[in-house]
Amino acid sequence: GALILLGAAILAEAYPAPVEGVSAGGVSLAASFLVGAALIYDWETATILGFRTRGTIEILQRRPLSRLAYNSATYALASATAGWLIYVISPGEGAGRLLAAVALASVGFYVVNVTLVGLVVARASGARFDDILVQSVRWTAVPFAIMGSLSVILYVLWDRSHFLVGALVGPLVA
């Protein structure tokens, strides 16, 4: 099951959704699968999948070791944060707890990811960190909110049947 989520996260990472104003070619929807992995399994699994997702892309794109290490660690830390927040909420039974856990985990993933990426972009470009952060949030907040809802759908479908997760292809492509 974790390998299915890893494959889906790598695929989502390889083909980011185009978002106006985002210079990196778009916003990856991999967070949906990484937060989903934290829901389905645990924070440890989500951390490993986060590291391997971004690491695989960095290797395929033949990026320098420093980028591979930083970007993979960023995804690992963001995934670990999401998983830890899910653990704290302990979604258990009830839609309200599930929604709260996913919302908090998604925000946790987002804050860690945007902050760490913003820091390295600001350092490399010489731009002010707060300017980078404001611009990044402006262009990526809505796609990340959508990813949270996809994580809920992933969790519910996974509980029913692993094969039903294939139904997420449509919303992800859209």
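Let me start with a term. A nonpolar core here is a set of buried Ala, Val, Leu, Ile, Met, Phe, Trp, Tyr and Cys residues joined through side-chain atoms within 4.5 Å. Keep that in mind. One caution: this is a predicted model.

Now the core itself. The largest nonpolar core holds 40 residues. Which of them touch the most other members? They are Leu 5, Phe 33, Ile 86, Phe 109, Phe 144, Leu 154 and Leu 168. H2 gives the most, with 9 residues.

Take Ile 86 as a case. Leave out residues up to four places away in sequence, and Ile 86 touches Val 35, Ala 38, Leu 39, Pro 91, Ala 101 and Ala 105.

Step back to the whole chain. There are 7 helices and 0 strands. From the N terminus on, the order reads α-α-α-α-α-α-α. The radius of gyration is 15 Å, close to the 16 Å that the globule rule gives for 174 residues, so the chain is as compact as a globular protein of that length. Along the principal axes, the C-alpha atoms fill a box of roughly 50 × 30 × 30 Å.

Burial and surface next. Of the 174 residues, 43% count as buried. The accessible surface comes to about 9400 Å², and 67% of that belongs to carbon and sulfur atoms.

Last, charge. The chain has 10 positive and 9 negative charges, and their mean positions are 8 Å apart.

Notes: Residues numbered from 1 in each chain as written. Predicted model: local features only at pLDDT ≥ 70, side-chain atom pairs only at ≥ 80, totals over all residues. Heavy atoms only, no water. Buried < 20%, exposed > 50% of the residue type's maximum accessible area, 1.4 Å probe, protein only. Helix = DSSP H or I, 4+ residues; strand = E, 2+ residues; numbered from the N terminus. Contact = heavy atoms within 4.5 Å. Rg over C-alpha atoms; globule rule 2.2 N^0.38 Å. Areas by Shrake-Rupley, 256 points an atom, 1.4 Å probe, with all protein chains shown as cover. Lys, Arg positive; Asp, Glu negative; His and termini not counted. Charge placed at Lys NZ, Arg CZ, Asp CG, Glu CD.
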